[in-house]
Amino acid sequence: MKYLGFIIVLTIILASIGGTIYYLSNRFALFFPTASVKVWLWGLTSTTLLLIAGALFSFSIHSNAGRIFFVLLAFWITMLLYLLMIVAILDLVNLCFKISPFVRGIVSLTLMTFFIIYGTVNASVIKVKEISIPIVGLTEEIKAVHISDVHLGSYWGKKRLEKIVDKVIELHPDLLFNTGDMFDSKTLLDHSDLLNPLQKLTIPHYFVYGNHDQQAGIEKVIACMQNAGVIVLQNEITQFGELQIIGLNNMLEDENGFDVHANHSVETIQCVMEKLPVDKNLPTIVLHHRPAGMKYLNDKKTDLLLSGHTHAGQLFPFVLITKAMYHYNKGLYHYQDMNIYITAGVGTAFMPIRIGTNGEITVIKLVMK
């Protein structure tokens, strides 16, 4: 039963990939009849299996070659996804406006190529978003920067981190909030200079870990971040001036909750918040990787929850799915007296592509209310 959910999800994914390959093989045999359905089926299936096997084997031995296989697999799956959508749409259009199979094939490949190139370029761009949030009890404005979901490892590396740090420095904030998923795999954790760009920061940098950090190896992640001068908060309180900052581990909101991305430990947001010596009279910000536990945070007079995790879906059509799945998906929300801000993240997970969303860092001006 422990792995039942994982097995069900994996079965659905594999069935979806298999169905996509079968459908595309039939369509491309029609578009380009020099190759039969069997040839297309064999070619698409063998390529997919080869990339999956290469990624799994290389990652199991922590080889850098795994990054190459992983990225190729990510692009391949994204290509299949967009070919599926484009070919299906053209099939519907063909019902009303007859288009030759060859033209449909060329259009499909052209549009797929455009989306992949656009999404890759768009993912490399970092946009700066600015918001102001009134906080009760502040006597002076505080300028903070919020980042999340950098995902160093499978695709992004030191150069990406340098770009992020340089952007933060240009904004001249008073402090930096980082709500997790700094790493995406174990392969880069042994690179001693990977986090050197963080040492250029001269402001407090507060970090809480996310689910991908746990998968990469949470003890190693915490050690690496601390060695880079980062303040790692693990179910604890610290203070910046008159601001009370609470950093929570990536956990369930209470014992009745369930989330495959949470650490299913004995601790929950509910029990940790009950034990922490929170001063309800101080302006309070909580950092938690996932937007969860609003009731328990609000009970402690939290003014603002900062989270990431959702990526706002990262790419179409998943942007529609996350919008339906997560009540708190992207941007600024309110829960009773508490503000909630969810960033779309600055990196990418699985595929280094963004379509329908932007990589972002957020300037948050905490102003007097």
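I looked up Ser-108 first. Ser-108 is buried, because its relative accessible area is 0% (buried means under 20% relative accessible area, exposed over 50%, partly exposed in between, with a 1.4 Å probe and protein chains only). Ser-108 sits in helix 4, residues 101-124 (helices are DSSP runs of H or I with at least four residues, strands are runs of E with at least two, and both are numbered from the N terminus). I left aside neighbours within four places in sequence and found Ser-108 in contact with Phe-31, Leu-83, Ile-86, Val-87 and Leu-90 (contact means heavy atoms within 4.5 Å).

A note on the source: this is a predicted model, in which local features need pLDDT of at least 70 and side-chain atom pairs count only at pLDDT 80 or more, while totals for chains, interfaces and linings use all residues. Residues are numbered from 1 along each chain as its sequence is written, and side-chain values use heavy atoms, with hydrogens and water left out.

Next I looked up the cores. The largest nonpolar core has 32 residues (a nonpolar core is a set of buried Ala, Val, Leu, Ile, Met, Phe, Trp, Tyr and Cys residues joined through side-chain atoms within 4.5 Å). Leu-152, Met-182, Phe-183, Leu-195, Leu-198, Phe-207 and Met-225 touch the most other members. At least two residues of this core come from each of strand 2 (142-147), helix 5 (158-171), helix 6 (211-227) and strand 12 (359-368). Another core, of 27 residues, lies apart from it and includes Leu-24, Phe-31, Met-112 and Ile-355.

I then checked Asn-178. It lies in strand 3, residues 175-178. Is Asn-178 buried or exposed? Asn-178 counts as buried, because its relative accessibility is 0%. Its side chain makes a polar contact of 3.3 Å with the side chain of His-205 (a polar contact is a pair of N or O atoms within 3.5 Å; within protein, one must be able to donate a hydrogen and the other to accept it, and residues adjacent in sequence count only if both atoms are side-chain atoms). Beyond four places in sequence, the contacts of Asn-178 include Phe-207 and Met-225.

Last, I looked up Gln-336. It is in the loop between strand 10 (331-335) and strand 11 (338-342). Gln-336 counts as exposed, because its relative accessibility is 60%. The side chain of Gln-336 makes a polar contact with the side chain of Asn-298, at 2.9 Å. Gln-336 and Lys-295 are 41 residues apart in sequence, and their C-alpha atoms are 9.0 Å apart in space.
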